[in-house]
Amino acid sequence: MALTLASAAPAHSGLEVFWFIIIAILWAGYFVLEGFDFGIGILLAILGRDDLDRRVLINTIGPVWDGNEVWLLVAGGATFAAFPDWYATLFSGFYLPLFLILAALIFRGVAFEFRAKRTLPAWRLAWDHAIFWGSLIPALLWGVAFANILRGVPISRHFTYLGSFFNLLNPYALLGGVTTLLLFALHGAVFACLKTTDDIRRRASRAARVLAPATTAAVVAFLAWTYLNAHNAHDTGLVPPLVPILAIASIAVVEWLLRERLDGWAFVATAVGLICLVATIFLNLYPRVMVSSISPAYDLTIANAASAPYTLKVMTVVALIFTPLVLVYQGWSYWVFRARVARPAQPGPANGLGPEAPTLAASAATSDPAPAPPGQGGTS
Amino acid sequence: MTLDLSRWQFGITTIFHFMFVPLTIGLALLLAIMQTAAYRTRDDMAAHEKWNHMTRFWRRLFLINFAIGVVTGIVQEFQFGMNWSLYSRYVGSVFGAPLAIEGLLAFFLESTFLGIWIFGKGRVSARVHLASIWLVSVGTMLSALFILAANAWMQHPVGYKVVGNRAVMTNFWAVMTNSTLVGSFLHVLFSALVTSALLILGVSAWHLLKDQRAREAHQPVFAASAKLALVVGSVAIVATMFFGDNQARVMERQQPMKMAAAEAIYNTQDGASFSLLTIGDLSGNPIFQIRLPHLLSVLADNSWNGPVQGINQIQAKEVAKSGPGSYEPILWVTYWTFRIMVGCGIVMLGLLAAGLWLMRRRRLERSAWFLRLSVLAIALPFVANTTGWIFTEMGRQPWVVYGLLKTSQAVSHIGTGYVVTTLVGFTAIYSLLAAIDFGLMTRYARGGDRVDEPGDDHEREPGTDQAPALIY
């Protein structure tokens, strides 16, 4: 049905397919990159036994989290420009979940910067909570959102979302949310194995190995349910089947890789798992961008939701010129910060600390500015 | 109801966001200048230390401020789809493009190189570290350029045609070279510099005053900062006014109603006078008012006796063109926001001129009255920025895209309860953040030399496998 719609629109240039792929790539990139940021944020509650532990964890993503979040902004902007109706229906339809995501991202984003600005334990604890909840809520809700997009939500013929907030909280979507939550947590734990040392690293590895089987189970359950949904809708099921199978396989193998101390490969595996999950969703959406549960005739597709061909052409030129550049410098920044982050209080040959190591802890303790007069400075 | 609530939410979000953005744009450039000076004076210990010290001090305020600008920017980008979905459908082909390009060109640049700048000291060479703050600065300006291109299109749509029920882009170059954009971009850019210059001036003045009161020698870093701020601020305020004036002429041509509403001019007149202030009714029976003869004609038309169109005439023309309805913005809002903005600008100009004169006479550090005024003046650019945006956005009403789409046709059909929830939620979040930010900014601004940031003093040799310092 949707396919015929796509081919029936004569004025379109084929760039819609290109932009559909670009947006899929942006979401995959966002899940892989901000995925481990979210994971680190969630694991702060488990792995961060004291303030210094938590600082180590936060500093593993400190230089890069903001750049990772830009993938979301660009995905949003690209959807706005390339598929205005998709952007409009999705964002107005999923209004409250988006508000929750935005609120979470606001608190989480300022928490990274503000947390270190005072040493008051209550201050730091409050921002730790902000980072934890600010990571957990979007990690859950992105899964809920994408599961709903694929499952279908009540969309009218005018592309207006007719459901309520609670329509979005169906069991399938909630399973999707749990799946992304676990995936991001696992991805973050594996990232922590790669970026920390000593005790935190051991704990991260243990956490990852506990999370891995549960995550595998969630991915299997979610993809099986997705398969059944597609099958019941008289589609052929999940196509091509290789992609969801690869998603399951790469998550299933993480536990073994960690046991063999192949942390780098474990990270590749969680990343591939996330990419294949996003790919499964987008491949099975295609050529739709949002499924209407009312009637297939009301589905938003890459044809009926697309922007003007001229806009797509301009955007394509800009993207082709600047995307490689962005990838190069963002990749370079990861190279600059490739070193592990160590707990400064534990000097030792393995943590690669310079001679200034002891003073780091001291500076952490004295980083609070000259005591402000009571009633001023901060809202503590 | 949904319409009004959505408008409040948009206004609150945008104004809150724009409390932080100008400071980010201005401080990024000033920090780049300071760090460049430090880099170039690295053979001269005293000068190098002074510039380094300045960079270290102001960067703290910059980073506190930057964080909020970033996170509110996400709301800014998503709220079009959330609350203004009919707008998004209508304009996506034109308006979405600069937004997407802003993300790709500006946001990645800013965020990546800010990470390098905060965490990279000692991990990249001094030269790359310096380049990174310049790239952050370029990123902030590019961001302003693209978002203002989108806004300029709402003020004066160009490079499009209407196909069916939507506006479709036909010429991207025309969108990016919109005559409205040139003036507004430079006006915003220079006002951002004014904002950061006045912050630096005010905070430095506070420290100079404090040292003076404690009979201590003033800290050289604040005397130097105040001088830099005075020079940059003076140039920037003149440029802001120049491009603001340029915008007034563009506005008279493109949105005559906004100009008339700014002045509360009801009937077209030649050699129009400029109303300085009005007490009482704006519609023609004021209790008291001060008017400067011919000034409005000069502003709007660049001539002594040029015509300035009146609200009644424009209203009649608009009805003929776009159908029945009121095309008047809310007059007291446009009239007063315009005056407050211009008034703040004039006060800042006076203050900066006085400061320059004192600086030339080498009395700046000791001039208590000037320093005290400078502390108070920190608020002025924020007031001017806010009223300026309220004026330009409210003055365009009832249109969301001038002449094309009315605001009432742009809003999402979502339940009032949802909008109430998010309006209350966002307002609460912003208030909390504003309080925290204000607390932190004052704390660090007052801290002076005694504030130390973790990671500040751990300059390492550029190495490869050293553990990064814990900055956060």
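Into which domains is chain B divided? I found domain 1 (2-255 + 329-449) and domain 2 (256-328); such bounds come from an automatic or database domain assignment.

Ground rules I jotted down: this is a predicted model, where local features need pLDDT of at least 70, side-chain atom pairs count only at pLDDT 80 or more, and totals for chains, interfaces and linings use all residues. Residues are numbered from 1 along each chain as its sequence is written, while chains are lettered from A and ligands numbered from 1 in the order in which they are written.

**Between the domains.** In chain B, the C-alpha centres of domain 1 and domain 2 are 30 Å apart. I see 18 residues of domain 1 of chain B in contact with 17 residues of domain 2 of chain B (contact: C-beta atoms, placed from the backbone, lie within 7 Å). On the domain 1 side, helix H7 (220-254) and helix H11 (331-360) of chain B are the elements that give two or more residues. H11(B) gives the most there, with six residues. (Helices are DSSP runs of H or I, at least four residues; strands are runs of E, at least two; both are numbered from the N terminus.)

**H11(B) again.** I followed H11(B) to helix H12 (residues 368-376) of chain B: their axes come within 11 Å and cross at roughly 145°. (Axes are lines fitted to C-alpha atoms, for helices over the stretch in contact; angles run from 0 to 180 degrees between N-to-C directions.) Leu351(B), Ala354(B), Gly355(B) and Leu358(B) of H11(B) meet Phe370(B), Leu373(B) and Ser374(B) of H12(B).

**Between the chains.** Here I get 76 residues from chain B and 80 residues from chain A in the contact. H3(B) gives the most to chain B's side, with 23 residues.

I looked up two cis peptide bonds. Tyr286(A) and Pro287(A) are joined by one with omega about 0°, and Gln397(B) and Pro398(B) by another with omega about 5°. Pro398(B) is in the loop between helix H13 (379-394) and strand E7 (399-401) of chain B.

Next, positive phi in residues other than glycine: Arg215(B) is near 55°, and Ala264(B) is near 50°. Is Ala264(B) buried or exposed? It is buried, because 22 other C-beta atoms lie within 10 Å. Arg215(B) counts as exposed, because it has 6 C-beta neighbours inside 10 Å. (Buried needs 20 or more other C-beta atoms within 10 Å of a residue's own, exposed 12 or fewer, partly exposed in between; C-beta atoms are placed from the backbone.)

Definitions and conventions
Two residues are in contact if their C-beta atoms, placed from the backbone, lie within 7 Å.
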